[in-house]
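Visitor: I would like to go through this model with you, one topic at a time. Could we start once it is on the screen?

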Amino acid sequence: GTGVVMSYVYITLLRFRAAMLVNIGMCLLGLGPLTTGAYFLWCWKKDCQCWGSTGDKFTDGATALVAMLVGVTFMTISWHLQQDIALAIDCIEMSCKAVLETPSLKLEPVLALFCRGVVDFGSIYVAALILTCDLANDEVRKREERWIIPPQSLRQIFMLITLAFWCLWTNWIITAVSDFVIMYTTELWVFTGGLTRRGGHAPCCSLLRGYFICLRYHFGTIILGSLIVGVAQPFRLVTGVLAGMVRLEQNSMAIFSCFCSWIVDAHVIYLEPWCRNAYMDVALNALCFYESALHAAWVNHEYMNVVNILNGATWLFQLAGLGAITSLGHLQTCVIIKYYPGFEDPFSPDYVQNPFLLSLCGSAVAFIMAFPFMMIFDTVSDTILFAYIVQKMREEKQEEHNIYTRACGLVHTVDDFIGLGCLDQRQKDYSMPTFFLDLDETEEGALHNDNAGP
């Protein structure tokens, strides 16, 4: 419950205090492990005679070393990626604006988490029935009474494999439907003026409308796309890392880059299109999965530098949010163990023998509950960028450079020279974060003056 509540609070506060909260989250990622490592180092010097110790001097020392290495690593990453952190803050503010102006988006992670829970618990229950079905036979139970789970037949193994594949594919479908609904709602927000200074609001019940559109018109595409994306994702992640290493300029792996440049071509041609970005084009243009995947990859390729910056920026926000919420879950568990009656009493039936392990479980639960809420910003920010690029491309395509448009350009030039401002209302209003637009100093000054007006 703490993970869900803190996720909602984090989303609301990020719109107005993005810089402060992200910096606090990054500090927690560094100072949390460093503090934990220092405490276990102190326990190691005290021969494990302190609260929270594992009871083994070697384990305390190893925990202290690992925790301090993790803390130093996060502090180093935060120091070297200060520019990316600044870009992440701009992206977070725009994503938060979309979420706050479309409140139904906040409900989608809860619905997706509930559906995944039903599928997973149902699969576990059916798997337990398959594993123990032979125990209903008295002869088998007497013959295999020393085993909790009797040996499985080939038919049972086949049923378990089928059940595992069904559970995995169903989770992929739930993820695909969730991504489609978020992307559809975000695109509605963008194309109803969400990127303008006055803001925008998606239509009422846009989340339910997204579910209806998905299940009524695109469910077959979602089923096929979820299977392709799910199967290709492990290979795409591996080749993506290798391709990123090859693309690095003036690095220590220059020899590796010379001999493995084919990895980049293989990744871009055969694996990069098969990702969730295809659902953005499905929601926008209602094409089949194959055509949508290729078109989405082509659109993102036109602004590859911006896409790379965005992908590198959003994970910083997700890391900061997950780190802060996970740390709070860990702290809450430690406080409950410390002050709840019976948890520290060795003679109580509620005595906790290993508080450290239980606090790790509390951290894991907070992480799992907060994960879907943090991932929504990744999807929203990618969709905002995709919709913005498509909108700009469509307008550029509609503009024909003939004598009429040249004459209109001359009129705008004369109007700007005279200073009457008669044609200002015809100009488009884009207020994307500064790293999406190449604004010069004049435009930035004009934007500042507009915002500072009465």
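Visitor: Where is Leu-328 found?
Guide: Leu-328 is found in helix H13, residues 304–339; helices (H or I, at least four residues) and strands (E, at least two) are DSSP runs, numbered from the N terminus. This is a predicted model, in which local features need pLDDT of at least 70 and side-chain atom pairs count only at pLDDT 80 or more, while totals for chains, interfaces and linings use all residues. Residues are numbered from 1 along each chain as its sequence is written, and side-chain values use heavy atoms, with hydrogens and water left out.

Visitor: Is Leu-328 buried or partly exposed?
Guide: Leu-328 has a relative accessible area of 35%, so it is partly exposed. Buried means under 20% relative accessible area, exposed means over 50%, and partly exposed lies in between, with a 1.4 Å probe and protein chains only.

Visitor: Which residues make the nonpolar surface patch?
Guide: Leu-328, Leu-331, Val-335 and Tyr-339 make a nonpolar surface patch of about 410 Å². Patches are made of residues with over 30% relative accessible area and no salt bridge; like charges are joined within 9 Å, and nonpolar side chains (Val, Leu, Ile, Met, Phe, Trp, Tyr) within 5 Å. Accessible areas come from the Shrake-Rupley method with a 1.4 Å probe, and for residues only the protein chains shown count as cover.

Visitor: Salt bridges next. How many does a search of the whole structure find?
Guide: The search finds 2 salt bridges, each defined as a side-chain nitrogen of Lys or Arg within 4 Å of a carboxyl oxygen of Asp or Glu. In one of them, the side chains of Arg-276 and Asp-378 meet at 2.8 Å, N to O. This pair links distant parts of the chain, 102 residues apart: Arg-276 is in the loop between helix H10 (262–271) and H11, and Asp-378 is in helix H14 (residues 355–398).

Visitor: And what does Arg-276 do with Asp-382?
Guide: Arg-276 forms a salt bridge with Asp-382, and their closest N and O atoms are 3.4 Å apart. Here too distant parts of the chain are linked, since Asp-382 is in helix H14, 106 residues from Arg-276.

Visitor: Staying in H14, what about Ile-384?
Guide: Ile-384 lies in helix H14 and is buried, with a relative accessible area of 2%. The C-alpha atoms of Ile-384 and Thr-186 are separated by 6.9 Å, although the two are 198 residues apart along the chain.

Visitor: Now H11. Why is it described as largely enclosed?
Guide: H11 is largely enclosed by the rest of the structure because 7 of its 9 residues are buried. The buried residues are Asn-277, Ala-278, Tyr-279, Met-280, Asp-281, Val-282 and Ala-283.

Visitor: What comes just after H11?
Guide: Ala-286 does, and it takes a positive phi of about 60° although it is not a glycine. Ala-286 lies in the loop between H11 and helix H12 (289–302).

Visitor: How do H6 and H11 cross?
Guide: The axes of H6 and helix H11 (residues 277–285) come within 9 Å and cross at roughly 55°. That makes H6 oblique to H11. Axes are lines fitted to C-alpha atoms, for helices over the stretch in contact, and angles run from 0 to 180 degrees between N-to-C directions. Angles under 35 degrees count as roughly parallel, over 145 as roughly antiparallel, 65 to 115 as roughly perpendicular and the rest as oblique.

Visitor: And which hand does that crossing have?
Guide: H6 passes H11 in a right-handed crossing. A crossing is right-handed if the near helix is turned clockwise from the far one by less than a right angle, and left-handed if anticlockwise.

Visitor: At what angle do H6 and H7 cross?
Guide: The axes of helix H6 (residues 154–194) and helix H7 (residues 206–217) come within 9 Å and cross at roughly 125°. H6 and H7 are therefore oblique to each other, and H6 passes H7 in a right-handed crossing.
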